[in-house]
Every structure is written in structure tokens, then in C-alpha cells.
Amino acid sequence: MSKVIITAALPYAYSIPHLGNFVGSILPADVYYKYLRMDEQDVIFISGSDQHGTPIELRAIHENIEPSVLADRMHEEIKSLFEKLECTFTKYGKTHCDANREIVYEIFNALNKNNYIKEVKSIQAFCNVDKRFITDRFIEGKCPYCGGHARGDQCNDCGRLLTPEQLIDPICKICGKSDITFKEEKNLALDLPKLELDTRAFIVKNSSNNWTKNSINKSLSFIDEGLHAREITRPMKWGFPVPVKGYEDYVFYVWFDALIGYIGITKDWNPSKWRDYWLDKSSMLVQFMGKDNIEFHALMWPATLIGSRLGFVLPRTLRASEYLLSKELKFSKSEGIGLNIKTALEIADADYWRFCLMYIYPETSDSEFSLEVFEEVVNKIMNDKIGNLINRVFIIYKKNFDLIDESIEPDQELIDKVEKLEADYVLRFESIELREALHAVIELAEYGNMLMSKYQPWTLVKNNNKEKSIELSKIMNLEKVIIYKLGILLWPFAPKASRNILSYFGIDKDPLLEMLDVEYDKIRIVDKEIKPIFSKLTEEQKKKFEVFK
Ligand SMILES: [Zn+2]
Ligand SMILES: [Zn+2]
């Protein structure tokens, strides 16, 4: 069986990720990872903090601390929040670590030796007060197109990409002054035009492996437009120094060492085993990201790996999500307020967020989050369809244990539907349609509810005769099978509920798919204490959304 490497785009270690960031890459990657673990595949799940770049250096200057201190502080906080959300990474590392530095140098030196690195010149802003170049976010001004508030690389209002000399009334973000001169600045760049043919071949060859439509379309259109050399260095202080004469005052551009961070973080996890995954040609690299990250993962990243000729495995599958939006609630990331993964956990536990966000996962088109949507999913699906079914079934068992014979097998024709939904779940996961896999779980619960209404087992318990008792046992044992399977299938989406359900059956380890193939008359209820699986949103919880409106 091939090894699998799952990655989630590295969150920038500057502010707490909001719900849109979480559902865009980390959550679906974690759900898929948990599924492959259930399938007992040889899989690792790698993500971590993207720690370099101008926003962190700038804030560190203003807070008068080392950028690494700031970046590590944010890293620890974000990591612990993902853990509270029950994300189980093989390694949630950080780009500013020795292992990553080594891989960055190894790849850069190889690219340089293979003549894929060239010097480029561009006009950049130089602050005469701070005596340094002020690139990207170090310089701000008015947008020449819309008059809005713009940074050195992009307008915040209209989103257009900009160069610093286009800004009107530019000011330096370090000293706040406008004593700025524009002068020619050199940088090292990855010579993408030289790698265009190989990169195109890579996209054509791999994009049939369950790539999302947006990643196929976007990467092909980028390549049709023609590739340009991309700068991989920056004249700033925070980052990995560039090991080239004449570039002593430069570091690698943040995108370059963030992408390589997938390998670096794996090496940081295990200094020898990382090779087994990244240097084995049969390894399958499956990468999750938001759609704004497609260009990096479909072009610059494979081009970097191809050009290095070091034999690193190329992405097999790119899963780019669309956006999760909210008209009603503020997600706002830059100010560190709004509905983010920290404030969300103050309202409800991990299971509720994981389940609801995967239910509306923007897998094929943008989707909308609101309190109404959250309430609908929590109350009507999690509580009413799943939680209530489980409670009703176990209450009937608890009250009538003497009447129900657990060794009587349910009718096969009713079981067939259960097995069909289970097979559907597996198929959906195999084609990485995660939202559809969750829908198969919900359908299974709906089936259980339908059977309860149809056979009304609570009426059967009143008649104390043998025939009725067999009928009662058959239907209740079928419901028991459904709940047992719900306990297994829910695991990637709602791990706590899964654990609670499986504990009724005396199972206290992570579930495996092979547990679905048990002999049905062998499933026994061990723990008879009723425990709530999901509950409805309270008024108090709903009130907590007010501050985000
Ligand atoms: Zn603008
Ligand atoms: Zn300045």
C-alpha cells in the first residue's frame, strides 16, 4: 500500500484563524486523515505555522520584541486551539525551525546548481530614516486605481496587485514618515519560464487524480498566460538568510520557505522517517488549501521540486476549497477579533463546529455561514436526527433488557440499506468528496428514524408474548447496528460523539473501518448509562453570537 502525505496550507502565525480559514484547509485535511487512519493506511498529516514575512517582522518592531518570540507565541496559541478542535496532526510544526532551514538550503542550492535561479531587478522603496528597503506591507499609501487603502503589494479595497512605486502618498510603516526614495533593487528569482514545460506536464498528468475543478481550471489558465520569474528573496531581516555572496542583507521570501515547510516540518517530526514519505516515488501527496492558494501549490511548488531534481514527491491531488462567507457575522482576521476558532470554542465544543462546518463545507462553491445555519444544523440534524435517535434506542433497551434477545439477527433486507449507505460513505471518501460522506452518515440516521416510526418498537414492548418479543428484538437489534455504525462513521466529523456512542459497546479505541464488518448478533451493549450525544443550542449560546454582528 502506498504511503500518503496529507498537508493543510500553513496558517500564518500572525492572528487566530477564522472559521473560513479553518474549513478551507485544516478541517477537511483532518477529516480525510482520520478516514485514512480508519482505513489503516500508512498516512501522515503535516501542517504548521507559517512564521516569516513582513506582518510579523513589522509587529515585532512595534512591540519591540524579536520576531521569533512573537511568531512562537502565536504558534503555540493557534496549535492549542486546533488541538481543542480535535485535529490530530502527525506534526503541527513551524517554518522557523532548523529542519526546515536545512531543507530550504538544500533545495535552493540544488535549484541554483541546476541554473533555475536568476537575479532580477525591480524598483523598490527605500526608507531614508530606517536605512532599509521597505517592501510589501512595510509601505502603505493610496491605491492608484480606487483611492483606497493599499499596501506595497496589494490594495486592501479593490484587491489589485501593486508595486510600491504605484502607491500615492506612500509612508513607511516602521517610522511612519514619508522620506522614501525609489531605487533599483536586486532579488533572486525562480526562473519559472525555464520550468514551464515540466510544470505543464505535471498538471496534465496529475490533475485527473481527484483535483477540485477550481484547481484544474486555475492552474491551466495560469500556465496558458505564461509563467514569469518569481522572486524568492527579500531585503529584510526576519527569515532564513540567503547563502549567496552579495545577498547578506536578504532573507528568503516567505512563500518559498512556507511551501518547503511541508517537508521541513516532516523532517522536524522525525529526522529519519521523513525520507520514507517524501523520497518514495509511490507516496501520494494530497494537499488541502483555500482557492487563493492554488497558484502556489499548482505552479511554484511543483516547479521548485522539479527544478531541484532531488527526487521529492510531487503533489498528486490538490483540493482547493471555495470560500466560506458570512454576511451577518464578522470573521475579521486582521484585527484578531470576530468569529475565529478561539471565540467559536467559547460558544460550542469541537464536535459542533466540525460537523456544522463540514455540512456546509465550500467544496464546490462558496457557502454562507450564519447563526441561522448553525442553529439549523445543530438543532435539526445533530440533535433531532442523530442525538435523539440514539437516546430513544438506548432508552428502550435500558427499560426492556429482559424482553430483547440481542442474539437475534435483524432482517437482511433492512440491513442491505444500511450496508449500501456505508458503502456510499466509503466511495465518497475515496473520491475525497467529504461533504457527501457526511451526508451519507446523516442518511443512515434518517433511515434509523424512519424505521422507528414504521415499526414503533415502543408499542411492541407492551405485549408480553413470544412473537412480539422476536419482532421487538429484530427491530431493536437493527437500530443497534445502525447506531454502532453511526459511532464509527461519525469519527472523522464528530470525534467526541463517536467516542460516546462507541462506549455504549465497550469500545474505547479509535474506530477502524474493519469494525463495520462485525457479525451483527455479536454487537452487545455493555454500558447502559444514557449519555447525551448532541444537544440543542441554548439561548445563552445564541446570545454569544451578538458581538460578532
Ligand atoms: Zn484599490
Ligand atoms: Zn521608515
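Mentor: Happy to! Let's start with C146, which has a relative accessible area of 41% and is partly exposed. On this scale, a residue is buried under 20% relative accessible area, exposed over 50%, and partly exposed in between, using a 1.4 Å probe on protein chains only. Before we go on, this is a predicted model, where local features need pLDDT of at least 70, side-chain atom pairs count only at pLDDT 80 or more, and totals for chains, interfaces and linings use all residues. Residues are numbered from 1 along each chain as its sequence is written, chains are lettered from A and ligands numbered from 1 in the order in which they are written, and side-chain values use heavy atoms, with hydrogens and water left out.

A donor here is an N, O or S atom within 2.8 Å of the metal (3.2 Å for Na, K and Ca), and because water is not among the atoms, sites may look incomplete. C146 sits in the loop between β6 (139-142) and β7 (149-151), and C158 in the loop between β7 and β8, so the pair ties together parts that are 12 residues apart in sequence. C158 is also partly exposed, at 31% relative accessible area. The strand names come from DSSP runs numbered from the N terminus: strands are E runs of at least two residues, and helices are H or I runs of at least four.

Now the zinc ion (ligand 2). Its protein donors are C127 (SG), D130 (OD), C172 (SG) and C175 (SG), at 1.9 to 2.3 Å. This site is tetrahedral too, with angles of 101 to 118° among its 4 donor atoms, and the spacing of its donor residues reads C-x2-D-x41-C-x2-C. D130, in the loop between β4 (117-127) and β5 (132-133), and C175, in the loop between β8 (168-172) and β9 (180-190), are 45 residues apart, so to speak linking distant parts of the chain. D130 is partly exposed at 27% relative accessibility, and C175 is partly exposed at 23%.

A disulfide is counted when two cysteine sulfur atoms lie within 2.5 Å, and the count here comes to 0.

Next, look at the loops around these sites. D136 is in the loop between β5 and β6 and is buried at 8% relative accessibility. Phi of D136 is near 45°, a positive value in a residue other than glycine. T163, in the loop between β7 and β8, is 27 residues from D136 in sequence, with 8.2 Å between their C-alpha atoms. T163 is partly exposed, at 35%. N210, in the loop between α5 (192-206) and α6 (213-225), also has a positive phi, of about 60°, and is partly exposed at 32%.

The largest nonpolar core has 190 residues, and W278, W353 and F369 have the most contacts inside it. A nonpolar core is a set of buried Ala, Val, Leu, Ile, Met, Phe, Trp, Tyr and Cys residues joined through side-chain atoms within 4.5 Å. Helix α12 (residues 371-399) gives the most to this core, with 13 residues. W353 is among the buried residues of α11, a helix (residues 350-359) with 9 of its 10 residues buried. Helix α7 (residues 254-269) is mostly covered as well, with 14 of its 16 residues buried. α7 bends by about 50° at G261, the bend being the angle between axes fitted to the seven residues ending there and the seven starting there. Its 16 residues should span 22 Å, and the end C-alpha atoms of α7 are 21 Å apart, which agrees; the expected span is 1.5 Å times one less than the number of residues.

Conventions:
Tetrahedral: all angles 85-135°; square planar, octahedral: opposite > 155°, others 65-115°.
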